[in-house]
Amino acid sequence: MALQKTGGKLTTYEIDAGRAAAARANFKKAGLADIITVVEGDAHEKLTQFKDSVDIVFLDADKEGYLDYLNKLLPLLRPGGLIIAHNITPGSADPRYIEAITTNPGLETIVRSGVSLTLKKR
Ligand SMILES: C[S@@+](CC[C@H](N)C(=O)[O-])C[C@H]1O[C@@H](n2cnc3c(N)ncnc32)[C@H](O)[C@@H]1O
């Protein structure tokens, strides 16, 4: 709803047709259908068609896919942009993702309560 004030847009990906339909219906009911685009399908494939600049990424889909999402979205993320990832807990998080967000000198990451917050510095 804050995006109504900032003029921002949100794109979300959902592989499950039922959940995508429920999300679309709820966004419409909330009066946000013109701000939020629900893309149905495998985000790993669908993301390759996304070309816009991105301010914030929120990862909460397949945990083993986080590194691929990072690699695909980092070039689109503007400097100063954020990548927020859920379920960054030992045993749940993909260690390759943790390594990528903590060893890249262009990124700064903190992890709190199972959520990682990564800033793209440049
Ligand atoms: C933990 S839920 C997301 C919950 C959501 N962030 C919320 O707060 O309501 C993960 C979702 O990711 C979807 N998902 C899993 N793998 C996916 C993929 N490869 N592409 C798109 N969606 C995927 C699942 O179907 C599921 O609905």
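The centres of domain 1 and domain 2 are separated by 22 Å, taken over C-alpha atoms. Domain 1 covers 1–41 and domain 2 covers 52–122, with bounds from an automatic or database domain assignment. Keep in mind that this is a predicted model, in which local features need pLDDT of at least 70 and side-chain atom pairs count only at pLDDT 80 or more, while totals for chains, interfaces and linings use all residues. Residues are numbered from 1 along each chain as its sequence is written, and side-chain values use heavy atoms, with hydrogens and water left out.

Let us turn to the core. The largest nonpolar core has 21 residues; such a core is a set of buried Ala, Val, Leu, Ile, Met, Phe, Trp, Tyr and Cys residues joined through side-chain atoms within 4.5 Å, where buried means under 20% relative accessible area (1.4 Å probe, protein chains only). Strand S3 (54–59), helix H4 (66–73), strand S4 (77–85) and helix H5 (95–103) each supply at least two of its residues, and H4 gives the most, with five. Helices (H or I, at least four residues) and strands (E, at least two) are DSSP runs, numbered from the N terminus. Among the residues with the most contacts inside the core is Leu70. Leaving aside residues up to four places away in sequence, Leu70 touches Pro75, Ile83, Tyr97, Ala100 and Ile101, with heavy atoms within 4.5 Å.

Now for the ligand. Glu14 has a side-chain N or O atom 2.6 Å from a ligand oxygen atom.

Terms used: Buried means under 20% relative accessible area, exposed over 50%, partly exposed in between (1.4 Å probe, protein chains only). A polar contact is a pair of N or O atoms within 3.5 Å; within protein, one must be able to donate a hydrogen and the other to accept it, and residues adjacent in sequence count only if both atoms are side-chain atoms.
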